[in-house]
Amino acid sequence: MYKLYLKIASRYLFKNKLYSFINIFGLTVGIASFILIMLYVNHEHSYDKFEGSDRVYRVYMDYLEGGKYVPGDANAYILSGPALQEQFPEIEEFARLRRLGEVVLLHDDGIFDHNTASLADPTYFDVFDRSLEKGDIANALSEPYSIVLSTALSKKIFGDADPLGKTLKIAGSGDLLFTVTGTMDNKGYNTHLKNDFLVSFKTFYTWERFKQDWDYTWNQNAYFTYIKVDKNADIAQLGQKIMDYVPEGLKNERHHIEPIEDIHLNSNKPYEAETNGNGNNVRFLAIIAFITLLLCWMNYMNLSSSKSLERAKEVGIRKVVGAKKPQLALQFLLESALLNFVAIILAMLSVYILLPSFNDLVEQDLGLDKAQLMSLLPYLAIMLVGASLAAFYPAFVLTRFNPTKALKGKAQTSSGGAFFIKSLVVCQFVATIALLIGTFVANKQIHFLKNRPIGANLEPVIALKGQVLNKTSDSLFNMSFDAFEDELRKIPYIAEVTGAGTYPGDSFDNLNSNMGITFPNGKTDEKHIWYNYSVGAEYFDVMGMEFVAGGPFIQTSQKSSNNVVINEKMVHFMEVTDVESIVGKTINYWGADWTVAGVIKDYNHSGMKSPVVPMVIRHTRNSQNVLVKLDRKAMTMGNTEKALDDMNRIWHQIFPVSTYNYTFLDQKYEALFKDEQKFAKAFQLFTVLAILIASLGLFGLTSYTCLQRTKEIGIRKVNGATITQILSLLNKDFVKWVGLAFVIAVPVAWYAMDKWLSVFAYKTPLSWWVFALAGILALMIALLTVSWQSLKAAMTNPVESLRSE
Amino acid sequence: MLLQLNNIFKWVNSGGQRIFLLKDINLEVEEGEFISIMGPSGSGKSTLLNVIGMLDTFDEGEYNFLEESVHDLKEKHRANLYKEYIGFVFQSYHLLDELTVQENLEMPLIYKKFKGSERKAMVADMLDRFSIVGKKDLFPAQLSGGQQQLVGIARALISNPKLILADEPTGNLNSKQGEEIMELFKQLNDEGVTIIQVTHSEKNAEYGSRIINLLDGRMI
Ligand SMILES: Nc1ncnc2c1ncn2[C@@H]1O[C@H](COP(=O)(O)OP(=O)(O)O)[C@@H](O)[C@H]1O
Ligand SMILES: [Mg+2]
């Protein structure tokens, strides 16, 4: 019997090609979008989820600012871990990781750069539930100068040879030898704290690199600290106790803990290990995924209920020959199951085909491996439940037809059914309009951020960075470095060159955060955080930063002086109104006096998500980065390549044994809101798809209403109605529904987008025209979709529609 | 003369074959005539009526209506012509179910761009004339077939057409109701309205001044 039903079902779908196509297409688009978005969302949620991760917390610092504690930075003190463990028995273990910055490894003649690495306590493996591919996990990090490589890095350095027991050098650390004690496989390991290799924490005590931290006090706060707590610990209570606990030697700060699972999506503190994801965006995308799925099912219900009217006669005949309600329902359910099944298969195929392009769009490497597919199983279950629910309604409508009336081929108008379909369409339009508003706002915000003046000219500036691997003495190195800068200055298309410790858009790690400063008026501030970094005298020229008072450091023969330049925010902070009065005055911090040479206009150092911070810029010889400002006018078209070649050549002439790379400042700065851009792109794509689906639904509904009103249209035409009048009669309702949907969608979208914008320090206004535009666009889409069919109905010769007597 | 059909042919192509629906129709109708069209089912009566009513086109021949050459007119022009001069009455009344009697009567006036106050007056006049004032707020489903057809005729008459085209107006009515409708037609005709009706009943046909017989699309 099922076989027969299935045969009838497939025959029916084949016969009604347009209907089947629209239906399957809508479902496929909806389900494929859903799977794609959820793959992304799942990926973002998979960070730092491991066996026992719910018991692991990161310790970070709150600063006391203006009498209140504010989240400070992601690092804790070197002493935090040990002190907390001693104080609180609930803490089973702690693991500290100290970032090493970008590290260059040397092996024989090989140079391996661009490595992210950390010093790590031996407890790391246990706290993070890691395993080693090779090596003894119990001892891998217990001895000084032990190093654990990622499998990928090990392969790069040693090829297929066994790395265990082999030795490596770290550039800048002379002839110190590090012994490989293990390898770990990072493939598929999603964490906010990525490491290409780990060095045993014990190395810290003798490694010259950490000399300045050897006093081991409450002064060194560059240590990521993770604690693993007891299964039965009361976390809220422990968190409070940790906040209340003030170790001796710590002032104006307190410890705070956060679940490691939340870090990737919800933490955006200074000195994060990497720019984390944006939980808001991920939540938005998940909502969009469900909306898309819902839309396509509403659509399906819509289309099949409309279509069911045409099948009244079939139902009538079946009923007259004895079909019972359940049998009829089964038939329609099977039909619908077949349709949904085809759609799900097609959706899977589309996902498989589209995944690479989608990966490009969201700049991810999402895979459809077994684990991912397994994680999609619950959603597939939702889909099947949804599909059968979607199938139920039309089956219900169809089986309710009265056979004698149905036999006359008369479409039965049940006002309940019409209301149901109308509500679906209004819902679809609420979603469409809300998504449109969301897309507009997201794009508007990104446009706003991109075009908001940073307060510095990043476009013609390139940052060169390299590490000299055969450094003998500092003075010799400095001479060579000066020579490099001078060589660059000789090139006609290079306008200016400067050394700089960091620059706008660069990682937070290269910025010092401080508390405690004495102002020219003798007042001392101990409560506020301010930042500083060091640059060469030409920095302000290179960056195009504007002075509101004074000027760049007074050039002396030396490359360093006690001159500083501060920003307006810092002046504001000093509670001084006359900016000029600061120039030439002395401020005091780090136990030394500094002369304020000038005050620059505020600029955004760390992107537009964060507000301007008080800043002190010191005059110091600097070889961390060389910033090169190109003179675009002196360059022939497209000569940036040549400039890069020239600079590379000169660098290697002067430093034959070195690493070297370059960065375009504007690109790096823009990458700070990469996540938002990805989000906007994804948002846009899925909005278009959602609109497509909604239009299909409307298309179905129009054919339904037009069919229902054929007779009415005919009568009106015979009585003198023109095509335009009929069109407006048919379209009026749709305009009303879009209007209703608009009224519902606006507050929802306003609330949601206001929330989305709240994480930005600078927000584009939620202008009225964004809402109006979305409404008008939705209306236009609706009218276009509807008119295609209603025009056809309006143009039909009334003789045709009135004949059937 | 009200209208004149000269050598009208209408056909449809089906399976490469030309099927004639109307063959060489020649007909002159003077103002004030009352014509009955008769013929077996499928002989083309409705088709002819629709052609006269300009709801349908024809393929060959000439059609003049009040000095206008219908065969040369654009569709919009034709629509304006029938809107102004012709009223239609149908076998199944074709009232709009969701409108009241009063609103059904008003509907054509809206499309003919009468002002609100004029419409009110004309509808009231018509309700009076057909003695259905008491039913003005009822919906078609609440009326008997005869009453519904009465409304249908009232609607056809409301903007003072010169010509009433009625396709089996009594087909769905019992004989008594049918008789009443025919009496009404007679009365209207006496008042000067030209009427062309399709009917199967010899008796009803007798109300007319002239009978046209159709067979397979041809006048006999
Ligand atoms: N557009 C059309 N296409 C094909 N056949 C048609 C069309 N219109 C009418 N016919 C056919 O022409 C014949 C005459 O129809 P009709 O004028 O309705 O007959 P009557 O009203 O006399 O019963 C019928 O056989 C009908 O099926
Ligand atoms: Mg007929």
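**Close-up 1. No salt bridges link chain A and chain B.** The count of salt bridges between chain A and chain B is zero, a salt bridge being a side-chain nitrogen of Lys or Arg within 4 Å of a carboxyl oxygen of Asp or Glu. What the two chains do have is four residue pairs in polar contact, both residues at pLDDT 80 or more. Polar contact here stands for a pair of N or O atoms within 3.5 Å; within protein, one must be able to donate a hydrogen and the other to accept it, and residues adjacent in sequence count only if both atoms are side-chain atoms. This is a predicted model, where local features need pLDDT of at least 70, side-chain atom pairs count only at pLDDT 80 or more, and totals for chains, interfaces and linings use all residues. Residues are numbered from 1 along each chain as its sequence is written, chains are lettered from A and ligands numbered from 1 in the order in which they are written, and side-chain values use heavy atoms, with hydrogens and water left out.

**Close-up 2. The contact takes 16 residues from chain A and 20 from chain B.** Contact means heavy atoms within 4.5 Å. Together the chains bury about 1600 Å², with 55% of it on carbon and sulfur atoms; buried area is the accessible area (1.4 Å probe) that two parts lose on being put together, summed over both. On the chain A side, A:Arg716, A:Val718 and A:Asn719 supply 33% of the area that chain A buries against chain B, more than any other three residues. Helices α20 (710-718) and α23 (798-803) of chain A each supply at least two residues of the side that touches chain B, and α20(A) gives the most, with six residues. Helices (H or I, at least four residues) and strands (E, at least two) are DSSP runs, numbered from the N terminus.

**Close-up 3. B:Ser92 is a buried loop residue.** Its loop runs between β6 (86-90) and α3 (101-111) of chain B, and B:Ser92 counts as buried because its relative accessible area is 17%. B:Ser92 and B:Asp167 are 75 residues apart in sequence and 9.3 Å apart in space, C-alpha to C-alpha.

Definitions and conventions:
Buried means under 20% relative accessible area, exposed over 50%, partly exposed in between (1.4 Å probe, protein chains only).
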